[in-house]
Structures are given as structure tokens and as C-alpha cells.
Amino acid sequence: MTDDPFPSSAPTAFDHATGEAYDEAESRRIIGMVAATVAQLADWPKEEAFSVPYPPLAQRVLDRIALIGVLRHPGGFHLTPYREHLSCPRTLADLMALCWSSPIDAWPFLSLPDGEDLTGLLVELDPIRPSKLCLRLALKFAHPDAHDRSLERLALLEARSLYEESGYPGGFPELREWLIAHPVLSSQEIAFLKLERIGGVQVTDELINILYLRVHERYFSLTDEIAVCGHCGLVLVPVRGGSGEGWQCETTQCRSRRNVLVGAVRHVAENLHHAARPIREFVIAGPRLRASEDSSRQAPSPLRDVEC
Ligand SMILES: [Zn+2]
């Protein structure tokens, strides 16, 4: 009897990395990691480098996709018109290109479950931003034990916990209403706010950091202005074209996506903060847009006034 030249052994890290094709559960986990990375990148502070080695989540998801994808798809697949035979995204730039050029249900190295709302792009353009699908998947990835909760609840989970820990769970709805009314705050407004209580809970740096983040310079105009949308009340993105500078709203369902309505214009020197992206998309935008619709329906038509 001869010795087996290839004896079986306990799996190594290499075996784990090159194992069976992704099943549905692993595909779902990986798409959650990609979505969370995209969301993280979209709000990355300008003063912090985002370079190799990437922050842990971004690096982990790249490793999972690039290494396994390369080994499982050695023949390559068509990714974008400008790179004809890219076998799999191997860099963060490749991964981002895949996010805006190909719907996730067409990613060949994933086996996402059918019949669920897992179709579409993770990154949308004009202006470039994480899609609503991306924000939903990122939230669900961040809260794997709370899949049954609504997106609004998931977006405010940390703030709600803080209210419960403080002994004021009943004060939470007041915070929600307050947030909807105040999507953008200056540093001075925040300083005054920290002298107050909302729903019985003292406003602290911890609560502010859960709810708000500093407005990134991508929202600054060339003249250092920051404009707020006249419909949803969220910060607009400046766009530069042949006819000068204009504004775009990045809220998915906002009427300003078709025809922008510029509201208040503020200055960079105010050191503005705005609600964190999932909060503004899933908590603030809806009620504000409904209120905007109602008020425009009730507003007297100038033409009708003339006719009367
Ligand atoms: Zn808007």
C-alpha cells in the first residue's frame, strides 16, 4: 500500500478563501459589505486619508471579492465598456465602477436570492451618491439582528437605544420630530442645542455624533455657499457646467431632482452639519416632501388670483 501523495488535511486559510462558490447567505453578506463600504466612502472626512491599506471593512470586502473572484472566474467577464476583460474588481476603483455600471443582480460572482428586492445599482449618478438600495443594504448589514425592523427604525436605532438607556424611551418621538424640523445645523446652533433637552434627554456630543455629520466640501459652491433644497430641506450638491454653477438634490424622491428649487443659502463659515445619510433619506426626506406637496397644493395659484 502506497501513501496517498495528496492526503486530506484540515482546511487552511487558502482553502477557506478559495472554497465553494458563494451561496446565497454569503452573497448577501458580501453585498452588505460592499454597500456599507460605499456608504462609508460617500461621507469619508476630507482630512482623513482613504488609501491602501484601506479601512478594515473596505479591505475585507475587496479581499473577498478580488481573490475569490479571480480564482473562480479565470476567464474573466465583461465589466465596463472601457475595460474589456477585467476578470473581477481587484481595486477599490474597479469595485466602484462595478457599483455604478452594473446592477447587483448581474454580478457574476454572487448568487443573490431571487424574488427579493435585490436589484439595481449601488451608486447613482447626477450627482454621484449611494443609491437608496445601497443605504438599505448598508443599514441591514450594520444591524444583522434587526432585519424585521423598518428602515426608519434601523436608521435611528442607536439614538433610540440612547433614549432607552437614559430612562426616557417616551421622549424618542419628540427627537424624531425635532430631527425632521432641523436637518441642517450650524456649529453655533449645535452649541446652543447642547444646553437643551429633547424629549427629556440632555443633548450631548454623543447624541449629536449619532445624528449629524459635518457637511463635506463636495457640497460647497465655488463661492463658499451651501444651498438647501426648497422641497426636502436637505443640502444641495453644486454642479458646474457650461452655463456656470447650478445645484442638484441628491434625495431620491425629491421633486428637485427634476427641477431644482433652491431654498436657504448659507455660508461655509457657519461650519454646517447635516443629518447622517440614512437618517436624512429614510427619516427626514419623506415627511418633509409630503409637507412640501401639501403646502404647494394649498398655495393660491397666481393665475387663479388674477382671474378672480
Ligand atoms: Zn430635495
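Q: Where buried means under 20% relative accessible area, exposed means over 50% and partly exposed lies in between (1.4 Å probe, protein chains only), is Asp126 buried or exposed?
A: This is a predicted model, in which local features need pLDDT of at least 70, side-chain atom pairs count only at pLDDT 80 or more, and totals for chains, interfaces and linings use all residues. Residues are numbered from 1 along each chain as its sequence is written, and side-chain values use heavy atoms, with hydrogens and water left out. Asp126 sits in the loop between β1 and β2, where strands (E, at least two residues) and helices (H or I, at least four) are DSSP runs numbered from the N terminus. Its relative accessible area is 55%, so Asp126 counts as exposed.

Q: Near what omega is the peptide bond from Asp126 to Pro127?
A: Pro127 belongs to the loop between β1 (123-124) and β2 (129-130), and Asp126, in that loop, has a positive phi near 60 degrees although it is not a glycine. The bond from Asp126 to Pro127 is cis, and its omega is near -5 degrees.

Q: At roughly what angle do the axes of helix α2 and helix α5 cross?
A: Two packed helices are described by the angle between their axes and the distance between the axes. Axes here are lines fitted to C-alpha atoms, for helices over the stretch in contact, and angles run from 0 to 180 degrees between N-to-C directions. The axes of α2 (residues 24-42) and α5 (residues 132-142) come within 8 Å, and they cross at roughly 110 degrees.

Q: How is α2 placed relative to α5, roughly parallel or roughly perpendicular?
A: Angles under 35 degrees count as roughly parallel, over 145 as roughly antiparallel, 65 to 115 as roughly perpendicular and the rest as oblique. The crossing angle of α2 and α5 is roughly 110 degrees, which therefore makes α2, relative to α5, roughly perpendicular.

Q: Which side chain joins that of Glu245 in a polar contact of 2.7 Å?
A: Glu245 lies in strand β9 (residues 244-248) and, at 32% relative accessible area, is partly exposed. A polar contact is a pair of N or O atoms within 3.5 Å; within protein, one must be able to donate a hydrogen and the other to accept it, and residues adjacent in sequence count only if both atoms are side-chain atoms. The Glu245 side chain reaches the backbone nitrogen of Leu222 at 3.2 Å, and the side-chain partner at 2.7 Å is Arg240.

Q: Which residue's backbone nitrogen does the side chain of Ser256 reach?
A: Ser256, in the loop between β9 and β10, is buried, with a relative accessible area of 3%. Apart from neighbours within four places in sequence, Ser256 is in contact with Cys229, His231, Cys249 and Leu261. At 3.1 Å, the Ser256 side chain reaches the backbone nitrogen of Leu261.

Definitions and conventions:
Contact means heavy atoms within 4.5 Å.
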